[in-house]
Amino acid sequence: MSYIAKPKVSHPSVPRNELGLFKRDYEGVVSTLCAGCGHDSVTAAIIQAVFELGIEPHKLCKMSGIGCSSKTPAYFLSQSHGFNSVHGRMPSVTTGANAANSDLTYIGVSGDGDSLSIGMGQFAHVIRRNLDMCYIMENNGVYGLTKGQYSATADVGTTAKKGPANKQMPIDPVSIAIGLGATYIARGFSGAKEQLVPLIKGAIMHKGFALLDVISPCVTFNDHEGSTKSYAHTREHFHQVINADFVPPSEEIVAAYEEGNTMPIRLHDGSKIVFRRVDKDYDPTSRAAAFTFLRDSVNAGEIITGLLYIDEETGDMHDLSGSIETPLSKIPYEELNPGAEELANLMDRYR
Amino acid sequence: MNSTDTSHPDYFHKVVDCQWACPAHTDVPGYIRLIAQGQFTEAYMLNRHSNIFPGILGRVCDRPCEPACRRGRVEDKPVAICRLKRVAADHRDDITDLLPQAPAKTNGKKIALIGAGCASLSVANDLLPLGYEITIFEALDTTGGLMRTNIPQFRLPPKVLDEEINYIIDMGADLKTSHRIESMKDLLAGNDYDAVFVGTGAPRGKELKLPGRYDADNIYIGIDWLESVAFEHVKEIGKKVLIIGVGNTAMDCCRSSLRLGATDVKVMARKPREFFKASAWELEDAEEENIEIIVNHSPKEFVIEKGKLVGMLFEQMEYDIDEKGRIDRGKVIGEVTIPCDDVILAIGQNNAFPWIERDIGIEFDEWECPVVDETTMMCSRDGIFFGGDSAFGPKNIIWAVAHGHEAAISIHKYCNGESLQERLPRGVNLVSQKMGLHEWSFSNDYDAVSRRLMPHVDLLERFKKIDIEVELGFTAEQAVEEVERCLNCDIQTVFTAKLCIECDACIDICPVDCLTMTESGDEDDLRRRLTAPAENKEQDLYVSAALPQTGRVMVKDEDLCVHCSLCAERCPTGAWDMQKSEISIPYAKDEAALTASRLAARG
């Protein structure tokens, strides 16, 4: 943490986005996480992505639960809405918020503990509903806020700073999400922003549930030699299978991509994601292929990154439940709540 | 690009823009921090170490430091460095006990200094404490040279001059005033001196030989006129005065005219404003006094009627300025006569050495300037040194001081039979400023306050007498605010590549986007690939060795770093640290210490 705030001075050549805002306008307060925390880099990537997308800050809602990861919404988008909910319950609060106002962009920030231990049930069900949100899981393999105990994503054989190696099987959030039918699944690394920023942009613009598993090293408790979630280990085993560039609706796809190896996918708002295969065997539109590939890579000790699976066809929660176009929050109260008499009529129909 | 060699003393020195730009390399951030701590005496002495006249220069320095100041690139206005120097001078305690003293016994070497201006005084300041016997010859009956004759008293009070000059003279110089050296040959013939230093300035004002120049009395040469005013030989001037030329001397002439009775003073410039030679602040001060500056008027002739100057004829000019900002010769679009009572010519000054014979081995170039070595300050005749305006033509006081320091080193080495070229190198020392987890030894937060304005004596009051100092000096409150504007550029961001884990924390926190981790490349390529483009090529890129995990390099564009320390504060491994760079500039005393140790070793 810092005692001084980030000075309000900037490079004279810093660009504005289409709204006329600077990147600094999307910042929050100075982080109180440990210096060098991967989460701060993810925060910076979120700021960059939202700035580049030109989202109006008041049209965005940042949601979180409990943990180091869940503190981070304070460090970006000071001018947005936010809800710091109960441990592991961010998905249901977001579901409620989105049910009421589907006009906002929802970014949920959670961690491996918040999502895969106390919040595992909520995590599974928010995927099942295909809630339109960007769900960023800052994954460091430890409970940093309580001094570094192994979390559910700690690999077998990984060691803490002190004590015996972990023997329990890890939960892989990406495999779980593929199994549960999530429609946008990606993995990134806090130390590779050039990959992470387009993944976040795609996740925000994807209509439906987008999971971003971000390896985000805990610099205090899990950045040592026996760790498989350290900066050094992640860099050594980092394997990008597919490169995904985000292309906004206003821009044409530039022809620099090699024929046959590229694959543009159109998102609902007209923007595109252009895939460039790095690994020629990988097909990000096949759930079965993605699942097998992931299995093999886990066995090989590789950290597979990139946009691993996308499905733009399945409708989101509102499509599935047949709710109306207009966000419920925009409907006048009298209309939304027709009164006791109407309720009585309705109830009569079920008698 | 190769990784930056920060052990070279110039690398971090260049980051301290003000100190690098100062000819005497005054430790500006150092003394500003002392002022911030209320240690005015210490700030004064730190100043005096390099520039020897803090009170004088705090008022009238040409301030090459301020246009160089990083604050001017980050925002609009640089730190008021010059006037903060005056704060240290104004509020210091008695410093007599802190001054260097001449040893009881001299070393027997006799040095003649010709001229008692800033250059000679600097030589005396450095050599007297080493035991040299110094004789200063001065043509006028007082010291100071142009500082006294050409700078009006309302900008530089004589009391300030006397005080700082006497600190030097009182160390034991033999001052011979009203003693004009008429012949260098005669001076040398006596073989009385081991070395001679010439610090006689550039005393000849340029002439403007136009029709009518010698047909009336009321046409003056600026620097001569200012001298007459300083010595009260001139006490009045006409109502309407034209100043020809728009340099700093012109500014002194026009403002002096107002104090001698003129009511309508026009400064006539041949070219547009962006080509003026005067410093921006001197122009501002003149315009505050309702001086009218008229551009694009080229003087053609003096208009004389019945033997009396009645006006001046000008050609009205029009110029083309190309996209690179260069101006053409211009074309005449009309003529106009501007009535006046007096004309003062302030179009520059030249060196003049009628008293140096041309057959004694002192070479002169085609502009009548002596041929002087820029490092040693020695001319083509061994043992004769030049400094200040007399060496390379008109510059300014702080350059004269810098020449004086170098000449003093040379004179010492010459008198000891040492090679003049083999001089002590500059050095740099780095000390971490970390005091605790989030604590630095200096005020690292960026203070957004704008430059404080110097308070001036009321416009009605200031013209009542010629010696009313216009600038009042910063108040305590202003000084407190202005010192916080300094970015502490001498507290360097120092990077140790092998400690870096490439977590991006420094890059994310940097407010001015000056950090990047990327593949190395050649400089032009690298400058384009940074987080923010590095377009100011005068400022270096600090390139690290290859980083341990990816082999990329950390690149810092030094241009706009505000030295807020956040990179170092957010660094988990201490790869970034804030370290104060102390640039050591060798002086004659350092050379003398080396000479002494050599002699001692020889037994």
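This is a predicted model: local features need pLDDT of at least 70, side-chain atom pairs count only at pLDDT 80 or more; totals for chains, interfaces and linings use all residues.
**Stop 1: a hairpin in chain B**

Now widen the selection to strand S10 (residues 297–305) and strand S11 (residues 308–318) of chain B, which are antiparallel and share eight bridges. Together S10(B) and S11(B) make a hairpin with two residues between them. Click on Lys306(B) in that turn, and you will find a positive phi of about 50 degrees.

To see one pair of facing residues, show Glu315(B), which stands opposite Glu335(B) in S12(B).

**Stop 2: the domains of chain B**

Colour chain B by domain: domain 1 covers 1–36 + 81–89 + 427–584, domain 2 covers 99–203 + 351–415, and domain 3 covers 205–349. Taken over C-alpha atoms, the centres of domain 2 and domain 3 of chain B are 32 Å apart. Where these two domains of chain B meet, eight residues of domain 2 are in contact with 10 residues of domain 3. On the domain 2 side of chain B, that contact has five nonpolar, two polar and one charged residues.

**Stop 3: the largest nonpolar core**

Select Ile35(B), Ala124(B), Leu127(B), Phe197(B) and Ile411(B). Within the largest nonpolar core, which has 141 residues, these five touch the most other members. Then bring up helix H17 (residues 397–415) of chain B, the element that gives the most to this core, with 12 residues. Because domain 1 and domain 2 of chain B both give residues to the core, it lies between them.

Which residues are in contact with Leu127(B), leaving aside its neighbours within four places in sequence? Show Ile111(B), Tyr132(B), Ile134(B), Ala408(B), Ile411(B), His412(B) and Ala588(B), and you have the set. Apart from this core lies another one, of 71 residues, and Val42(A), Tyr106(A), Phe246(A) and Tyr309(A) are among them.

**Stop 4: a three-stranded sheet**

Stay with chain B and look for the open sheet whose three strands run in the order S20-S22-S21, with antiparallel pairing. Strand S20 (515–518) and strand S21 (541–543) of chain B each have a single partner strand, so one side of each is left without a neighbour in the sheet. On average, neighbouring strands here are turned by 25 degrees against each other, direction ignored.

Zoom in on S21(B) and strand S22 (residues 553–557) of chain B, an antiparallel pair joined by three bridges. Here Leu541(B) stands opposite Asp557(B) in S22(B).

**Stop 5: two helices in chain A**

Move to chain A and select helix H3 (residues 90–100) and helix H5 (residues 120–128). The axes of H3(A) and H5(A) come within 8 Å and cross at roughly 35 degrees. Pro91(A), Ser92(A) and Thr95(A) in H3(A) meet Gln122(A), Phe123(A), His125(A) and Val126(A) in H5(A). By class, this contact has three nonpolar, four polar and no charged residues.

**Last stop: where the chains meet**

Finally, show both chains: 25 residues from chain A and 28 residues from chain B take part in the contact. On the chain A side, helix H1 (38–53) and helix H8 (231–237) each supply at least two residues. H1(A) gives the most to this side, with four residues. Colour the chain A side by class to find 12 nonpolar, eight polar and five charged residues.

Technical notes: Residues are numbered from 1 along each chain as its sequence is written. Chains are lettered from A and ligands numbered from 1 in the order in which they are written. A nonpolar core is a set of buried Ala, Val, Leu, Ile, Met, Phe, Trp, Tyr and Cys residues joined through C-beta atoms within 7 Å. A residue is buried if 20 or more other C-beta atoms lie within 10 Å of its own, exposed if 12 or fewer, and partly exposed in between; C-beta atoms are placed from the backbone. Domain bounds come from an automatic or database domain assignment. Two residues are in contact if their C-beta atoms, placed from the backbone, lie within 7 Å. Two strands pair if DSSP finds at least two bridges between them. Axes are lines fitted to C-alpha atoms, for helices over the stretch in contact, and angles run from 0 to 180 degrees between N-to-C directions. Ala, Val, Leu, Ile, Met, Phe, Trp, Tyr, Cys and Pro count as nonpolar, Asp, Glu, Lys and Arg as charged, and the others, Gly among them, as polar.
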